[in-house]
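Student: Please take a close look at the salt bridges in this model and walk me through them, with the cut-offs spelled out.

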Amino acid sequence: MTNSVDLSIYTLKSSVDSTLVRSKSSSGAFSALMATTGGMDDIFTRAAEKYNVPVELLTAIGKAESDFDPNAVSRCGAVGVMQLMPGTARELGVTNSFDPEQNIMGGAKYISQMLSRYDGDVRLALAAYNAGYPNVDKYGGVPPFAETQNYVQTVMRYMGRGVTAPGTSVFSGGTSGGAQALGVTDMVAMLKQQILMKMMEMETSGDKDKKIF
């Protein structure tokens, strides 16, 4: 296990160094992330249109799941704004759950699938989003789980209030220099969380000595 941790630290340092170098140019992942200027509200609007889901529902889910935090990671391993589990993200075609655009689009696609499955019943679709559709099918409705029942009520309440997503750039900053500095910080945080997720997957698979990247 020590070798695996040492490898994680070395890999993180190398990745951060590489990120800082790329941030000084107009190419690479950093500039791609910094190009997101439309704001998170714009992503929700486009996702709603693409998957024919009410934008009020999508933003309510984003608020309930992570309070619109693209770097959020739950104790069970759900990631990003819409809190996608790694397996679900892969099924939805999401390759980077920390990318707000991919994450929100993935969440929109999934809730759209659940709405179709339950003939537009928002409460059942939300229950399936939270607890999984097998549990909804098993109980013939919202499962008797306190977390799921509270989740459905919370999202419905946010829908009624008409909560909105942040309208500023996903990576905010007062000036261009400030935005760039914050962007690098966000990139480092994302790298740390990606390594954590990789290590969790390695623990689960039993392959602790596998290279992280």
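**The salt bridges**

Tutor: Asp 42 has a relative accessibility of 32%, which makes Asp 42 partly exposed (with a 1.4 Å probe and protein chains only, buried is under 20% relative accessible area, exposed over 50%, and partly exposed in between). Before we go on, note that this is a predicted model, where local features need pLDDT of at least 70, side-chain atom pairs count only at pLDDT 80 or more, and totals for chains, interfaces and linings use all residues. Residues are numbered from 1 along each chain as its sequence is written, and side-chain values use heavy atoms, leaving out hydrogens and water.

Asp 42 pairs with Arg 46 in a salt bridge, at 3.0 Å from N to O; the term means a side-chain nitrogen of Lys or Arg within 4 Å of a carboxyl oxygen of Asp or Glu. These two residues sit four apart in helix α3 (residues 40-51), so about one helical turn separates them. Helices here are DSSP runs of H or I with at least four residues, numbered from the N terminus.

Arg 46 is partly exposed, at 31%, and has a salt bridge to Glu 101 too, with the closest N and O atoms 2.8 Å apart. Since Glu 101 belongs to helix α6 (residues 100-117) and Arg 46 to helix α3, this pair ties together parts 55 residues apart in sequence. Glu 101 is partly exposed at 28%.

Elsewhere, Arg 117 meets Asp 137, their closest N and O atoms lying 2.7 Å apart. This pair links helix α6 to helix α8 (residues 133-139), across 20 residues. Arg 117 is partly exposed at 41%, as is Asp 137 at 39%. Through shared partners, Asp 42, Arg 46 and Glu 101 form one network. By the salt-bridge rule, the count is four.
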